[in-house]
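Please read them with the coordinates open.

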Amino acid sequence: MKRLAPFILTIVLASVTLLSMFAEEPAAAAAPAAKASALQTAVDAMQPGWNLGNTFDATGGDETSWGNPAVTKELIDGIAAAGFKSIRLPVTWEQRLGSGPDYAIDPAFMRHFQEVVDWSLDAGLYVIVNMHHDSGWVMNMESQHDDVLARFKAIWTQVAAYFENYPEKLMFESINEPRFSDDWNKDSPVYFAMLNELNTTFVHTVRASGSHNAKRPLVLPTIAASASQSDRLDELLKTIESLKDKNLIATFHYYGYWQFSVNIAGATTFDQEAQTDLIDTFDRVANTLSVKGIPVVVGEFGLLGFDKSLQSVEHGEVLKFFEYMTYYAREKGFPLMLWDNGQHFDRRGYTWSDEELYRIIMAGMKSRSSTAQTDAVFMKANAAPADIRIPLNLNGNTFAALKNGGKTLVNGTDYALEGQDLILKASLLQSLMNGATGVNANLTCSFSAGADWKLSVITYDTPVLQSTDGTDSLVGIPAQFNGDRLATMEATYEEGGNAGPNDWTPYKEFDLAFTPDYQSGQIELKPEFLGQLKDDEEVTLNFHFWSGETVPYKLKKTSSTVTGISTQGEAPASMPAGASADADAPGGDPAVMNDARPDAKPAAAAEAENADASKADGAEHNRNRRNEALAIVGCALLVLAVSGLVLRRSKRF
């Protein structure tokens, strides 16, 4: 037995080592489960949340001054019925204040605002009340310290007293996106000290008012509500720890990787770089605050491009961003509060402007949804279609069915599945082509869990752009889109260098420098772009389309006159608005997706399109290595067993 012991020990140690090396990794690197605090339990119950944006935060005469209707009980009830559990009520107090030193809040406004708070609580929602665009005058704190602090304290003294007997489902947030410079990214020790003073004054003021305010949950932001720099999080942590208050919540805002969020620099897709930015940001917050037991709320989230148009970022890429964000926020325990300034939930008709986006957000509260590399399949007009392979991002689900309207398509005949790829058969695509450019069919992919994924089947031809004249305030390039959709615009000078604003990149910002108008049949070049062009220098524009087509165009500005020159020769007259099948996109939505073919993306945006496939290959590689290790361990144990039998029979034990 003594002679066998080293041999047995070696086999056991090798087995344990191999098993530990190749053990299945958990789905997310979550900390060991611990009993949540009462405050964390309340924060968890806020998921998901919704912002009543551009309403009480509007800086005009009343809540309708920025275009939204007056708030109604039906609106609040509609948000609760849609599945939201919390509501953030941004308020700009400045125009509702009397003169100092009292800075009395208009009592009529407070009565109406109280009514909205009551409707929200009656609907079962958690409520956050804040100071919103008052950050504009708070920014002057360095030069007007005493005046700013006096007004800040006066507001919270009155608000706290007004709601002192309200339940603790009503929360207060000190200030929205506080900063002390026009530069959103600028930090300094003075800035951190001023925000610490504001947050500390806020907490002490509310707590001193007593009643339910003694334990009311209070929400504190970083500078600019940003988690982009770790020192901002570190400074907020110092403030929270110094207050020694168990009912404080941290908040930050997240609008995505900036280039993707506004569609600039060719960042047209939710690629690996955009995903990594999200992961790094959320991990940074969790590793700074969550590990200390401090609950965190994402007080605003969305995409910055939405402020200009819902078409600024391509629709399928929007869905992938929101799907991943709801998943990762759920893994980190961060409630998300959707920023809605009226563009998402129609406050008159009480419907969602984008039902697919709404469904993917709500599905993300329970499980992951499956997506795909694209949500559009482009087929060239007058060309015989071929099979098209579309990589799927199953995200732990299984493929269930493919439908064309109410008809369930047949696996093996209409489509095929190979690994995580969906293959649309040429025969199916041929049957869907109706002879017109534009959307010929809308297919629906359903999965074992989560929201459906739509695929638009589009027939297109090369877009045609015509010559035109305009001014530096607006140029409308006549365009026959022929079923295609514009992804981005590249602008360079013939003599070298990038043209227009943000000249660190040739790829201009969607809806800031240019925008397509599919209904009127033109591409609008905006004054923000035209005004920064050099006089008498020829500009080459390359318009990149989601089908993979690129159409060059020439431009020259002389004084205030701008001349656009087609490179496609004399084009036929533009079709009248509405005459093209381009207008047949579902719901009039102009955001139709990138092709699944490898040449379909703009060159600068193509770098990471296979990131998900690469991750899948990596996972498969790890599984294979793990299986090999298990086989080795099994063989080792078998050798051990056989050796034992042999030794026993030979009486060498």
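1. In this predicted model, helix H6 (residues 145-162) packs on helix H7 (residues 189-208) with the axes 9 Å apart and at an angle of about 30°. Axes here are lines fitted to C-alpha atoms, for helices over the stretch in contact, and angles run from 0 to 180 degrees between N-to-C directions. H6 and H7 are therefore roughly parallel to each other (angles under 35 degrees count as roughly parallel, over 145 as roughly antiparallel, 65 to 115 as roughly perpendicular and the rest as oblique). Their crossing is right-handed, meaning that the near helix is turned clockwise from the far one by less than a right angle. Helices (H or I, at least four residues) and strands (E, at least two) are DSSP runs, numbered from the N terminus.

2. The H6 side of this contact (heavy atoms within 4.5 Å) consists of His145, Leu149, Phe152, Lys153, Trp156, Thr157 and Ala160, and the H7 side of Glu197, Leu198, Thr201, Phe202, Thr205 and Val206. Sorted by class, seven residues in the contact of H6 with H7 are nonpolar, four are polar and two are charged. The classes are Ala, Val, Leu, Ile, Met, Phe, Trp, Tyr, Cys and Pro as nonpolar, Asp, Glu, Lys and Arg as charged, and the others, Gly among them, as polar.

3. Gln275, Leu278, Ile279, Phe282, Asp283 and Ala286 of H10 meet Phe321, Tyr324, Met325, Tyr328, Ala329 and Lys332 of H11. By class, nine residues of the contact of H10 with H11 are nonpolar, one is polar and two are charged.

4. Four strands form an open sheet in the order E18-E20-E23-E22, with antiparallel pairing; two strands pair if DSSP finds at least two bridges between them. Strands E18 (464-465) and E22 (514-517) are the edges, each pairing on one side only. Strand E20 (residues 475-480) is joined to strand E23 (residues 522-525) by four bridges in the antiparallel sense, and Ile477 has Ile523 of E23 as its bridge partner.

5. Where does Thr515 stand? Thr515 is opposite Glu524 in E23. E22 and E23 run antiparallel with four bridges between them. They form a hairpin with four residues between the strands, and Gly521 in the turn has a positive phi of about 75°.

6. Most residues other than glycine have a negative phi, and most peptide bonds are trans. The bond joining Gln47 and Pro48 is cis, with omega about -5°; Pro48 is in the loop between helix H2 (38-44) and strand E1 (49-51). Gly100 to Pro101 is also a cis peptide bond, with omega near 10°, and Pro101 is in the loop between strand E2 (86-89) and helix H4 (107-122). Tyr350 is not a glycine, yet has a positive phi of about 55°; Tyr350 lies in the loop between strand E8 (336-338) and helix H12 (355-363).

7. On confidence, the mean pLDDT of the protein chain is 86, and 82% of its residues reach 70 or more. pLDDT is the predictor's confidence in each residue, from 0 to 100. Over residues 571-653 the pLDDT is below 50.

8. Residues are numbered from 1 along each chain as its sequence is written, and side-chain values use heavy atoms, with hydrogens and water left out. Local features need pLDDT of at least 70 and side-chain atom pairs count only at pLDDT 80 or more, while totals for chains, interfaces and linings use all residues.
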